[in-house]
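Please keep the sequence and the coordinates in view while reading.

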Amino acid sequence: MRKMIEGSRAVAEAVALCRPDVISAYPITPQTHIVEELSQLVADGDLDAEYVRVESEHSAASVCLGAVAAGSRAYSATTSQGMLLMIEVLYNIAGMRLPMVITGVNRAVSAPLNIWNDQQDTLALRDAGWLQLYAESSQECLDMHIQAYRIAEDDRVLLPVMVCMDGFILTHTYETVDVPAQEAVDAFLPRYDPLFKLDPTDPYTLGAYAGPELYHEVRYTIHRDCLNAKQVVKEVARDFRTAFGRWAGDVIEPYHCEDAEEIVVAMGSVVGTLKDWADRKRAAGEKVGVLKLRCYRPFPAEELAEALAKTKRVMVLEKAVSMGGYGIVAAELRAALSGKSTAAVACAVAGLGGRDITMATLDEVQRRARAGETDFFAGLRAEALEEA
Amino acid sequence: MSASTARGRRKPPLGVITRPGTSLRNKTGSWGILRPVFDWKKCTGCNTCESICPEGCIRHLERKQYEADPEFCKGCGMCAAACPAGAIAMSEEHR
């Protein structure tokens, strides 16, 4: 059914369609509407799930960890400081191979305190063993949540998935979305059938100690299965298209990249802006393309190298930065392209803390990349820096 | 479905599941530096050392004779500190 609803509502409806057994979350802007909607659905009796109220995100993640360990399908959502507080438990969820889904609403991290959008928070989780998918639109976000449970619970994966959506830009914006019928989602996503679970009749321990003789191998298998999950992300995307008729790419989504001399790589909602910008550039005769990085973990190095093999210039638009290092996606992309492409790769950090990324911002990125700049912040306000 | 009865599916990932009894396989005796030496002449057979040992590795041999299993004793010294008869000394000599 097509509905005009807020992005957060779209996520809540998608999660409800996935029939979670346990939901636990702590409200934090701009994630709040998602969990408000879900708690309302549970309170009204429209969703048969346990909604566990907790005193912190650390506890919310812990409740979910225990729920999945006991064989339940679990869900949570958080953002920014809440995500940072969750991190200890999130590493454990991945390490214990507990498949679940968390919506990582993208928001800047403190300090300074800022509630607006960038992607510094979820990128702090890049090394944790979680898969990460980044959504461009409310529709893609809704679809990704349904796909995410299929991916996470696949025997070949058994790792948690974080669906990342830009705070406010997606969570608080109304879009027309197609909400699938419960029967269609049930057919696509069967009830969770855990490979292992805590069971008093067959006792064992989850998440126990592993010394130097075993830890090394356990961490290797998490890494190996996370890399191999790329194939499952692709399969599930194709199955989703068969079941629901919609396609948003698998691990990457190229837009006008076939003959492009310049390609902008980005994640999340800014890809929509970039497509408009590329259309304008194309209309003006410039061969510009956009490459959406839809699946950031596992990192699709081969697919990116293939998609960018023939272009002359790559511009990575980053809504985060590794302080004292590099733009996070650009650093990984450069490694992926090493020896496989002669394209110049420029890294532009833009839009931190909710700063708008406009057509003028993108023009500046292109201009500076063409001038040979490799790593820079776009849209810096000189007058603000003068005060420093 | 338990880990042992899942059919046609992968095994649980490495390191996820620990079956009961692993503390017997994990021989922690090598962690220690000191080792308790029991003076059976002073021992009163009160059983304090056996009951206080956090590793559960002190064995009661006879009425006033105890010994620590060197494969599991970490040398923490709690038995020596707690012994009311002063019959246990911590020593490096026996390592």
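Asn47(B) is placed in the loop between strand 2 (35-38) and helix 2 (48-52) of chain B; helices (H or I, at least four residues) and strands (E, at least two) are DSSP runs, numbered from the N terminus. Its phi is near 80 degrees, a positive value in a residue other than glycine. Asn47(B) is exposed, with 11 other C-beta atoms within 10 Å. Here a residue is buried if 20 or more other C-beta atoms lie within 10 Å of its own, exposed if 12 or fewer, and partly exposed in between, with C-beta atoms placed from the backbone.

This is a predicted model, in which local features need pLDDT of at least 70 and side-chain atom pairs count only at pLDDT 80 or more, while totals for chains, interfaces and linings use all residues. Residues are numbered from 1 along each chain as its sequence is written, and chains are lettered from A and ligands numbered from 1 in the order in which they are written.

Chain A also has a non-glycine residue with positive phi: Phe168(A), near 65 degrees. Phe168(A) sits in the loop between strand 7 (161-166) and strand 8 (174-178) of chain A and counts as partly exposed because it has 18 C-beta neighbours inside 10 Å. In another loop, between strand 5 (101-106) and helix 5 (120-123) of chain A, lies Ala111(A). The peptide bond from Ser110(A) to Ala111(A) is cis, with omega near -5 degrees, and the bond from Ala111(A) to Pro112(A) is cis as well, with omega near 0 degrees.

Chain A as a whole contains 13 helices and 16 strands. Its radius of gyration, taken over C-alpha atoms, is 21 Å, close to the 21 Å that the globule rule gives for 388 residues, so chain A is as compact as a globular protein of that length; the rule is 2.2 Å times the number of residues to the power 0.38. Of these 388 residues, 51% count as buried.

Helix 6 (residues 138-153) of chain A has 16 residues, which at 1.5 Å a residue should span 22 Å; the end C-alpha atoms are 23 Å apart, in agreement. The expected span is 1.5 Å times one less than the number of residues. Helix 6 of chain A has a kink of about 25 degrees centred on Gln147(A), the bend being the angle between axes fitted to the seven residues ending there and the seven starting there. Because 15 of its 16 residues are buried, helix 6 of chain A is largely enclosed by the rest of the structure.

Val288(A), in strand 12 (residues 288-293) of chain A, is buried, with 26 other C-beta atoms within 10 Å. By contrast, Glu183(A), in helix 7 (residues 182-188) of chain A, counts as exposed, with 8 C-beta neighbours inside 10 Å.

Strand 9 (residues 205-206) of chain A and strand 1 (residues 17-18) of chain B run antiparallel and are joined by two bridges, pairing being assigned if DSSP finds at least two bridges between two strands. Thr205(A) stands opposite Thr18(B).
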